[in-house]
Amino acid sequence: MSGARTITAGAGRSDITPPVGSPHLNWGAATHQVAAGIDMELYSTALYLSDGASEVVLLNLDVATLTEGLALEVRQAAARESSVSLDRVLVTWTHTHSAVPLHDTPWMEQGREVFLEYQSSFAARAAQSAGEAKRNARPASLGWGKGRSDIGINRRQHLDNGRIITGNNPAGPVDQEVVVFRIDDTDGMPIATVVNFAMHPTIMGHENDKITPDYPGAMKRVVERNLGGLSLFLQGATGDIGPVEGFTGDLAVYRRAGAHLGYEVCRVAEGIRTAGGSLEFQNVLESGAPLGIYKWRHEQETPISIRSGSRVARLIPHPVEPVEKLESGYQELDKQLRLAHQDGDGDEIKRFHYQVKRAALQLQRAQRLSEPGAVEIPVQVITLGEAALVLTPLEPFCEIGIEVKRRSPLPATMFCGYSMGGYFLCYLPTDEALDEGGYEPGISLFGKGSAKELEDTAVSLLEELSTQ
């Protein structure tokens with residue numbers, strides 16, 4: 001499928017790779033504290049779009065999380081670099097679990113000075129891509145297509161004893177759809193390939209001490225090598241989707257999964273014609289056989305109008321234990337972890353590290369819900385003709401993304417979590433998952449009815465913008 005529409009577009013990239021020796025604390029089961037090496041660089045990739053009246057910059061970062069404050073710093077710096085108004089600068093991240101954390105943690109002992117220096121320069125480094133994208137802007141056309149990939153699986157595995165773990169659940173729901181936007185200049189040269197897919201980048205697990213972008217980074221390299229231009233990976237509704245093969249220290253596994261997805265993206269992208277028209281029969285050429293000769297007949301292309309809007313979804317808070325009780329338990333576990341590090345006992349470090357991380361998540365959750373009332377979550381929508389981006393900072397379950405895309409009035413809708421900053425590790429489960437329990441509902445801020453509220457807010461905004 002293609003939807004040939006004209007626009008002005010440019011892409012840019014800057015290096016945001018942290019140095020070796022940076023804290024590497026994304027896994028509770030890990031015994032190492034700092035990154036021992038870099039397997040693949042991390043990037044900020046930006047896409048600039050303009051219809052002549054409105055303009056947008058979208059930054060896509062190879063990082064695990066982005067706090068609300070740091071996301072605002074990145075957007076402000078990108079606005080300055082690109083001279084685009086702040087409300088039209090958007091930021092998303094891939095959620096790779098083998099990057100370094102960009103938020104401080106009390107148990108960050110080794111590599112703190114490296115972390116603080118990296119964090120202080122991060123916004124400026126990321127924003128460089130926005131300026132480059134604006135400078136590279138030129139007339140372009142956009143088309144879209146869809147494919148499928150089976151590298152992901154529902155991760156809410158039910159054990160015989162009733163426990164729900166983060167594993168493989170082949171019977172559970174999964175979103176295998178790959179949505180691809182292809183943007184070419186007027187000479188047919190690729191500017192950018194934007195990919196939306198839902199799967200946790202948790203292939204590289206606790207045994208890995210290397211910095212990697214996980215499978216999204218490997219995918220982007222395959223796409224760029226084969227198609228040209230730059231590639232952005234917009235993480236989907238992946239709250240309950242993980243890799244079929246994950247939690248490993250084998251670097252080849254994430255590269256293989258990225259290649260698998262990348263070649264599907266290439267297949268879809270090669271079938272997209274960004275220049276509108278159709279094959280038209282010309283004549284019969286007599287040869288050894290009578291040959292039908294066809295040529296591509298170009299049609300007048302329709303300019304894209306960029307529409308943008310945002311709303312607040314008022315989600316229902318989940319009941320939590322008192323902050324004082326959780327804080328006391330967390331402090332005791334943190335004390336035990338520090339003692340284990342002093343003694344150099346690997347088994348004790350592993351034992352208390354995951355307990356401290358779980359306790360910290362519960363404490364953060366309770367602190368955020370200490371104020372009564374609904375939790376207000378921003379939802380941002382950008383429409384580009386018959387294409388749309390839906391952005392939320394949460395980790396929604398895949399059923400939510402599937403439903404928004406199904407209900408969207410626009411045929412090429414990308415549903416993206418991990419956007420705009422804040423709400424660190426805020427899963428948005430379905431009502432059914434809240435009844436079942438398990439890891440994600442256990443640390444979620446949100447109660448029953450919240451998933452439907454987010455769906456309805458996103459669809460209502462899509463409907464409004466599609467009729468303007």
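Residues are numbered from 1 along each chain as its sequence is written, and side-chain values use heavy atoms, with hydrogens and water left out. Because the model is predicted, local features need pLDDT of at least 70 and side-chain atom pairs count only at pLDDT 80 or more, whereas totals for chains, interfaces and linings use all residues.

In soluble globular proteins, nonpolar side chains tend to be buried together. The largest nonpolar core here has 32 residues. A core is a set of buried Ala, Val, Leu, Ile, Met, Phe, Trp, Tyr and Cys residues joined through side-chain atoms within 4.5 Å. Buried means under 20% relative accessible area, exposed over 50%, and partly exposed in between (1.4 Å probe, protein chains only). Ile-16, Leu-59, Leu-61, Leu-66 and Phe-122 have the most contacts inside this core. At least two of its residues come from each of strand 3 (43–50), strand 4 (55–61), helix 1 (68–82), strand 5 (89–93) and helix 2 (112–135). Helices (H or I, at least four residues) and strands (E, at least two) are DSSP runs, numbered from the N terminus. Helix 2 gives the most to this core, with seven residues. Apart from it lies another core, of 31 residues, including Val-179, Ala-192, Ala-412 and Met-414.

The structure holds five aromatic pairs. Rings of Phe, Tyr and Trp (its six-membered ring) pair if their centres lie within 6.5 Å; planes under 30 degrees apart count as stacked, over 60 as edge-to-face and the rest as tilted. The ring centres of Trp-27 and Phe-247 are 5.8 Å apart and the planes stand at 80 degrees, so this pair is edge-to-face. Trp-27 lies in the loop between strand 1 (5–15) and strand 2 (37–38), and Phe-247 in the loop between strand 14 (241–243) and helix 4 (251–270), so the pair ties together parts 220 residues apart in sequence. Trp-27 is buried at 17% relative accessibility, but Phe-247 is partly exposed at 35%.

Tyr-118 and Phe-122 form another edge-to-face pair, with 5.8 Å centre to centre and 70 degrees between the planes. Both residues lie in helix 2, four residues apart, so about one helical turn separates them. Tyr-118 is buried at 4% relative accessible area, and Phe-122 is buried at 0%.

Strand 15 (residues 277–286) gives the most to the nonpolar patch, with three residues. Val-284 lies in this strand and is partly exposed, at 47% relative accessible area.
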